[in-house]
Amino acid sequence: MKKIIRWYQNCTINEQIRLALILLSVCSAAILGISSFGISKYTIEKNYQESFTYNLKISNQIADIQLENIIELSRNLLNNSFFMEDILGNTKEDSSKYFTSWETHGLESVCSTVTSQDMMIGEMVVIDRNGRLYSYATNSGESRNYRSIDTVNNDWMPRIQEAMGKEVFWGYNVLNPDRISMFSMGKQMNSPKTGETMGYLIVNIRKELLTEAFRAYNSGYKSLCCMMIDPDEEGTIAFLRGKEEYCEEIQNAYAETKRIDRSYITAELENTITGWKMISAVKKSELFQENYLIGGLIFGVILAVVAAGFFIAKIISEWIYRPLHKLEGIIEEVGEGNRNITEEFGENEIGKIGTKFKTMVNHNLELREHLLSSQLKERESELLLLQAQINPHFLYNTLDSLYCMAVIHEADDMAEMVEALSDTFRLSLNKGNKLILAKDELNHVRSYMKVQNFRYGERFHLDIQVDEAVESCYILKFILQPFVENAMYHGLEPKLGNGKIVVRGRKTGDNLEFTIEDDGVGISDVTVLEKGYGVSNVRERIALYYGEGYGVKFESLPGKGTKVYIKISAVYTKGEILNEKSCDRR
């Protein structure tokens, strides 16, 4: 990726614009195409789910109507007194395994009446509580002899008994599994009067009932398969409709994994009567066949857009690059010494750049003349500065003379004041250097306070608590005295009686931290202190020499006093050459 970016940056502006426009057209077309394809695919799948789910509901309702009719017919047998009492109500212990001819005739009459009311009933099997069995088929050719069946020890009887009279369905013929054209419904017949179990009823229903239910379920898809699965019988498939190759694939997949392959889209619904799952499935490849055609069309459109975008990008890039090429030629001419630019530029961004460059070049000579003039004035300022250095020597000599005269006349107070004033001026000038030893800066503060105490009659007490490691460090001169002066004038001077100023200093790592604390009148709004000229000057000087992370903070409470925090760097040491140029290297 880095190589590609580096290669792109090394291309000409013309090529960069062209590539950017081509990439933009490709990305836009691709995003639009993929989005359209995805939306159409999602819409088709959603419509399938909704349509096929609706069809499943219709098929489910048709199946429910027919099954409810059969259930109702089987329940009506419980209201047939002849059937319940005379036939199934035989309580005598009879070792015979068969019904009597009279009883058989009666059962045949009842069963024929029931089956004649619903053509989907293919067979009825009645079992009394003594284990005697009677079967009736609507078609005599379909009649089967079930007398060899063990009606007690089998797999389906426990489900009937657990249901306690509720109908139970199987997806196959429980009496004869080989007869795949029928599925079974069974129930326990309890006496309406006593609730006593009178026997059991098995009704074999033709699967044509399910075929009729799914007859309207025809969407025109070749791979469409519809099925009903009995989850209580380990996923037995009770009904399957569709083309053999697809249905076999679905049936095998479901038998192994209990789910349909992901290459199919399915819709599911549970039949409330049987508890079976109704499923329809269709191949995604067939369902999305039209969508693939749309995808191919979109891909063709993308190619056409890219091809058109290539030619359009070429035209636009050349049109944008033309004024840049013109400006490039002018800059080459200027580099060869031709400073007279007469060309006119447009009003766009490139034209504005060209106009500004033209103005800059045409005024170049005038600027050089101004530069020479400034250099001459700077030299004159340096001469004046050299002359001004004579004045401090005159001031020092005058103060020394006053000090000697005060000593001769034994005016000790006057001598101390003159000496303190002389030290103050000498440390303030510091031979023109911008940095000073912290020890000398503290002495400057002491001399300043000594002069002020002569004026205010020793009202102010100065306490300096600075570590020795700090005194040997170089700091910007004149960053402590302004805050001591503020503490005296704004904190202690308005206060009645004496006051105290404490200056503390310590070294923490590569930093120096100073605090200047007074017990004066304090102030409620510290922003007032920050607006002073002296404070602003110190802030700017600290920011210039030490950078971010260093500066000054204030804390103050009315009647309690004010505290100033100063944090600077301790990178300068005693061994460095400290003059104005060495300081400016920061």
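Is phenylalanine 478 buried, partly exposed or exposed? At 36% relative accessibility, phenylalanine 478 is partly exposed; the legends below take up this residue and several others.

This is a predicted model, in which local features need pLDDT of at least 70, side-chain atom pairs count only at pLDDT 80 or more, and totals for chains, interfaces and linings use all residues. Residues are numbered from 1 along each chain as its sequence is written, and side-chain values use heavy atoms, with hydrogens and water left out.

**View 1. Phenylalanine 478 has a positive phi without being a glycine.** The phi value is about 65°. Phenylalanine 478 sits in the loop between β12 (474-476) and α16 (481-492). Helices (H or I, at least four residues) and strands (E, at least two) are DSSP runs numbered from the N terminus. Buried stands for under 20% relative accessible area, exposed for over 50%, and partly exposed for values in between (1.4 Å probe, protein chains only).

**View 2. Methionine 164 also has a positive phi.** Its phi is near 55°, in a residue other than glycine. The loop that holds methionine 164 runs between α5 (157-163) and β3 (168-169). With a relative accessible area of 64%, methionine 164 is exposed.

View 3. Helix α4 covers residues 101-116, 16 residues in total, and reaches 22 Å from its first C-alpha to its last. This is close to the 22 Å expected at 1.5 Å a residue, where the expected span is 1.5 Å times one less than the number of residues. The buried residues of α4 are Glu103, Gly106, Leu107, Val110, Cys111, Val114 and Thr115. An α-helix has 3.6 residues a turn, so residues three or four places apart point the same way. Ser101, Trp102, His105 and Ser116 are exposed on the other side of α4.

**View 4. Cysteine 111 and cysteine 225 are both buried.** Cysteine 111 has a relative accessible area of 1%, and cysteine 225 is also at 1%. With a disulfide taken as a pair of cysteine sulfur atoms within 2.5 Å, the count is 0 disulfides.

**View 5. Leucine 297 lies in helix α9.** This helix covers residues 289-335. At 59% relative accessibility, leucine 297 is exposed.
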